[in-house]
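Dear colleague,

I am passing on the structure below, and after it you will find some notes on what turned up in it. Please read them with the structure open beside you.

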Amino acid sequence: MTSIDRYPPMTIADADDIGSNPTDNSPLIEIAARRYSRRAALRGLGLTGAAGLFTGLLGARSAKADGNPSTLTFEEIEQGIDDGLRLAKGYRADVLIRWGDKLSPNAPAFEAGKSTAAGQAVQFGYNNDFIGFISLPVGSNASDHGLLCVNHEYTNIELMFPGLTEDDKLDKATAEQVATEMEAHGHSILEIQRTGDKWAVVEDSPYNRRVTATTLITITGPAAGSDRLKTSADTSGMSVKGMVNNCSGGITPWGTVLTCEENFNNYFGGDPSAAPDAASFKRYGIKGEPEYAWWKHEARFDLSQEPNEPNRFGWVVEIDPFDPKSPPMKRTALGRLKHEAATSVIDKSGHVVVYLGDDERFDYLYRFVSKGTYSAGDRKANLGLLDNGTLSVAKFDPDGKLHWLPLTYGEGPLTEANGFKSQADVVIETRRAADLLGATPMDRPEDVETDPVTGRVYVVLTNNTKRGYNQIDAVNPRADNTAGQIVELIPAGGDGKDADHTAAEYKWDMFLVAGNPLWGTTMYGKGTSKNGWLACPDNVAFDPKGRLWIATDQGGTQKKFGIGDGLYGTDVSGDGRAVTRKFVAMPRDAETCGPCFTPDAKTLFIAVQHPGEGSVFAEPTTRWPDFDQNLPPRPAVIAIVKEDGGEIGS
């Protein structure tokens with residue numbers, strides 16, 4: 001049995017794990033073996049064979065004499081699974097806002113099991129994910145006052161209302177319950193302020209706002225007005241009602257929010273094979289087997305009535321949080337994917353670069369480079385930068401090179417001969433266009449973040465249990481990959497501000513290969529403790545000192561790994577590189593989402609998503625955060641501070 005085979009067999013019940021890529025663009029396993037044999041020899045490790053690419057790499061990097069090579073000095077917490085939340089000694093976590101809490105003085109108070117659509121539209125949404133903090137006043141770097149921008153990815157209706165289960169919710173969910181679900185999706189913008197070391201929502205703020213699955217959103221960019229986006233409710237193809245499955249996102253340099261539609265395929269009922277875009281629907285995993293009952297009560301989610309409606313979802317949406325009256329914009333130039341995140345950086349040339357992951361097994365990593373350049377101080381001019389530019393997809397070579405392949409209509413195979421009549425068709429069928437260019441299928445690309453100090457880019461690959469031994473390659477080096485990895489991209493040009501994020505070719509390296517070292521192939525820095533290993537990295541964030549914080553999402557595999565999800569910190573350079581240290585442990589069955597720091601690094605916001613998932617309203621597996629027998633578990637945002645008032649992690 002090889003080291004790869006020693007991982008226990010796992011079934012990950014996850015919408016991102018369905019897989020719909022029919023191509024075989026991966027390099028051969030022999031090439032992958034040569035790549036890592038070369039790197040191992042350089043390190044003096046003497047590894048041989050692709051089956052043991054990383055075995056023994058735990059401890060390969062040097063450690064400081066004091067035993068802790070990391071610049072992170074907090075006392076690690078132990079691994080395990082808990083009903084409540086645990087965090088490192090000397091820190092405190094306060095619940096800032098929970099599902100159902102009021103966003104305005106006139107909003108109704110939360111009533112367990114009695115939520116309504118009208119109430120939910122002015123209350124904090126469900127299953128909070130991405131968090132972005134923007135200082136107030138506008139343009140400042142304040143750390144005690146700002147806007148918190150939070151995604152609401154999906155709903156667990158069986159935990160929202162009594163009498164429903166995972167098995168019968170599609171048949172029993174009422175029209176009002178479905179309408180409430182729709183209002184619980186989307187995004188919340190709330191003004192928050194710190195007094196002393198306590199944060200609170202400014203309830204009467206004019207900025208407080210919900211964007212939901214029923215909010216009118218403008219379509220911009222190449223696909224705007226396309227016949228493939230027109231419906232009976234929108235014969236122009238220029239606007240759409242709502243956004244769904246908003247997972248992660250990003251904050252732009254001009255202070256807007258990029259919120260990403262991910263698993264949009266799970267909302268549509270009816271027969272996709274009868275639709276004009278049947279082949280495209282298949283590539284996006286639209287099977288007519290929805291996870292929600294919306295299509296029974298809302299005609300636009302029924303493919304037999306509105307076959308073009310799915311083409312209106314799967315986009316990056318830009319929201320201006322400082323203008324509550326402005327419509328959100330679906331920026332179609334960024335492509336149609338199961339978007340996990342959208343991280344933007346201003347290149348030294350002035351162009352804005354956005355990194356994007358398509359969170360499904362065997363799908364791709366993308367980059368968008370704006371045609372126009374950023375104008376410091378001219379916020380209005382910057383608001384249109386994401387409508388014109390070049391979208392590219394990544395191809396990884398086994399020799400450590402990365403090529404960005406432009407997805408441009410009329411170039412290469414992206415022509416009428418292959419069914420593309422315009423750039424609108426290219427972005428509507430981004431996945432198929434990338435297939436034709438020979439992009440590298442990845443192990444679920446999730447978050448992508450840039451290091452504010454070095455300019456390097458970190459790509460989080462969560463897992464891929466369907467990758468076979470004959471499908472492994474240099475950047476996806478494990479079959480039956482249950483635990484994931486993090487890849488480091490090195491732009492040309494130099495470090496920091498010298499990094500050229502528009503270059504056609506980068507270098508890449510493996511930063512971390514996750515999992516329990518006792519089970520098989522892993523790669524951490526020397527000094528990683530028995531509590532420091534992690535599984536299924538998901539969202540990541542950098543603190544102001546350039547240290548990486550890794551949130552995990554094990555899906556339904558927590559019991560098999562034996563640890564709950566949590567947040568881990570690590571250095572990206574020096575002796576502490578890839579020495580991961582566990583800082584926070586989530587409540588039972590909850591996922592860690594949206595880590596976000598204030599500019600002074602003295603507050604860390606985390607979204608605690610889906611506590612109690614897999615159970616029902618009457619008998620949840622945890623009642624976090626209220627622990628009231630009359631209340632179900634409630635997804636919430638927490639604010640973590642150091643009790644002595646210092647910076648997080650140091």
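How many helices and strands are there in the protein chain? The protein chain has 11 helices and 31 strands, where helices (H or I, at least four residues) and strands (E, at least two) are DSSP runs, numbered from the N terminus. Please keep in mind that this is a predicted model, in which local features need pLDDT of at least 70 and side-chain atom pairs count only at pLDDT 80 or more, while totals for chains, interfaces and linings use all residues. Residues are numbered from 1 along each chain as its sequence is written, and side-chain values use heavy atoms, with hydrogens and water left out.

Of the 650 residues of the protein chain, 63% count as buried, meaning under 20% relative accessible area with a 1.4 Å probe, protein chains only. The C-alpha atoms fill a box of roughly 65 × 65 × 55 Å along the principal axes. Among contacts (heavy atoms within 4.5 Å) between residues at least 6 apart in sequence, 66% join residues at least 24 apart.

Is S143 buried or exposed? S143 counts as buried because its relative accessibility is 9%. Leaving aside residues up to four places away in sequence, S143 touches R194, W199, T598, P599 and D600.

Best wishes

Definitions and conventions
Buried < 20%, exposed > 50% of the residue type's maximum accessible area, 1.4 Å probe, protein only.
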